[in-house]
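Work through the exercises below with the sequence and the structure in view. Each task is followed by a solution in steps.

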Amino acid sequence: MDVDPGANAGYMVAAYVVTAVIVAGYALVLWRRVRKGSQEAREPGSQGTTGSPAL
Amino acid sequence: MPDLHAARRAASRGLILIAVGLAGLAGIYILALRFTPVERFQGLPQKIFYIHVPAAWSALVAFSLVGIASALYLWLRDPRLDLFAESAAAAGLVFSVIMLTTGPLWGKPVWGTWWEWDARLTFTLILFFLFLGYRALRSALVDPLERARFSAVVGILGFVLVPFVHLTVYLFRTVHPQPIVLKPSEPSLPWEMLRTLLASVGVFTVLLIGFVATRYALGKMEQIKGADDGR
Amino acid sequence: MGRASVGEFFRVALAVAAKDIRVEHRSRTALVAALAFAVLTLVIFNFARDAASLSRDAMAPSVLWITFAFSGVVALNRSFALERENAALDGLLMAPVSRGALFLGKYLANLAFVFAVEAVALPLFVLFFGVDIGGAVGGVIGVTVLATAGFVAVGTIFAAMTVRTRLAELMLPLLLLPFMLPPVTWAVQATARLLSGRPAGEIAGWIRLLGLYDLVFVTACLLVFPSLMDE
């Protein structure tokens, strides 16, 4: 029996939105870290030492 | 410092690849939502399939990369392999979180429950815990050599574990949709759905490569700067 | 490898195991803690169960294995803690012993601990849950030995790693959980069938899986253990 195509649209929307947020969010995190790394490199001696970045 | 410039350029390239992936993801959204037929029995939630499966694919690939890099590290002791494993594990964690969130969102309307202890969802959870444990262990260890060795051991053992979890999939009767694409005979998906799925897998692969490459370059940058400061 | 060194290998392993068991026997803290935990778990399950809704028989195998799994982790946690407290591990490492023999010794000692806990927990379980174990005793013991041998191998590796970290008591279960899932779930399946008197043919498959898991992981752990003990 065919299901009403409009039903349960909320779940689909939620999944698509959550995925976009997670992917874009991680991309943003990486982008900001790269930018931070590039800027600090231009100021000699300002960079403290780090271990591996957390994420 | 030439090395630092090279690393920064590599990071920028990685970011560009991620941007391409993001654009691709938008394209997939449009493709899946507007240009792919609605599945008869599950309705709209079935479209989560085009996100969930490629995310699972990327998570599994990332996990394999961690396993292989870990084994190679223990053999060759090249710190770049350790950095690569760390980068792949970070990306894998991201994709397994996507799996874990989209899975129940798909399951609830289609099966009636948010969670089923069926083999495939359990596999998702195991993968997530393996990635999480890998990261937790790394952040708990201070000495870089010890951290590299120990997390390599976890990476290898986790990689060995996966086939056993996969075996369990076929031993339990499961609520999860049966594999319809990777059957030995021809796939039973209609073409429009298959092409959307394959396109999405491509996009998620691009995202995976972008994430790993950027994270790797970032790690290199931090290492070089740490070395520059006389540590 | 000459016959002399194979004999030496096992002699060293047994010596290490004997030492660990002797040390634990004197202080008995790990054993007592794990036993108390097992008893507590059984008692709680007995009282928490709503007699009307869930039959004892349905729950029994799961309860047994939850008890075994948790108390096993408690026992494992303590095993390397003793070393850390006494800084005995460094002394061991300075001796010219094969790393593999060292692992085997630790593994055997941990097995002895966990088996001891299970040997007490099983009769208590039969008692508290009124399980008609009858002729299935041999089978249940066999399944228990096989499954335990699997996760204790991986647990020995992780205990060696996490003893050096902060939050060690949390890290060990986190890392070990994915590796316990396959053997424990198979053991529950096999135990359930044994207790309900299913024919041996149905159970053989699970036994084979457990055996395969043991073989693969004991080998893998033997191979990676030396990397943990590098200088």
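**Exercise 1.** Find how the axes of helix H7 (residues 168-195) and helix H8 (residues 200-228) of chain C lie to each other.

Solution. Step 1: helices here are DSSP runs (H or I, at least four residues), numbered from the N terminus. Step 2: the axes of H7(C) and H8(C) come within 9 Å and cross at roughly 155°, with axes taken as lines fitted to C-alpha atoms over the stretch in contact and angles running from 0 to 180 degrees between N-to-C directions. Step 3: angles over 145 degrees count as roughly antiparallel, and H7(C) and H8(C) are therefore roughly antiparallel to each other.

This is a predicted model, in which local features need pLDDT of at least 70 and side-chain atom pairs count only at pLDDT 80 or more, while totals for chains, interfaces and linings use all residues. Residues are numbered from 1 along each chain as its sequence is written, and chains are lettered from A and ligands numbered from 1 in the order in which they are written.

**Exercise 2.** Which residues of H7(C) and H8(C) meet?

Solution. Step 1: two residues are in contact if their C-beta atoms, placed from the backbone, lie within 7 Å. Step 2: the H7(C) side includes C:Pro182, C:Trp186 and C:Arg193, and the H8(C) side includes C:Glu202, C:Trp206 and C:Tyr213. Step 3: the residues of this contact divide into 12 nonpolar, one polar and two charged (Ala, Val, Leu, Ile, Met, Phe, Trp, Tyr, Cys and Pro count as nonpolar, Asp, Glu, Lys and Arg as charged, and the others, Gly among them, as polar).

**Exercise 3.** Check the span of helix H3 (residues 79-111) of chain B, and say whether H3(B) is enclosed or open.

Solution. Step 1: the expected span is 1.5 Å times one less than the number of residues. Step 3: 25 of the 33 residues are buried, so H3(B) is largely enclosed by the rest of the structure (buried: 20 or more other C-beta atoms within 10 Å of the residue's own). Step 4: just after H3(B), B:Gly112 takes a positive phi of about 95°.

**Exercise 4.** Describe the side of chain B that touches chain A.

Solution. Step 1: the contact takes 44 residues from chain B and 34 residues from chain A. Step 2: H3(B) gives the most to the chain B side, with 11 residues. Step 3: by class, that side has 24 nonpolar, nine polar and 11 charged residues.

Methods:
Helix = DSSP H or I, 4+ residues; strand = E, 2+ residues; numbered from the N terminus. Buried ≥ 20, exposed ≤ 12 C-beta atoms within 10 Å, placed from the backbone. Parallel < 35°, antiparallel > 145°, perpendicular 65-115°, else oblique.
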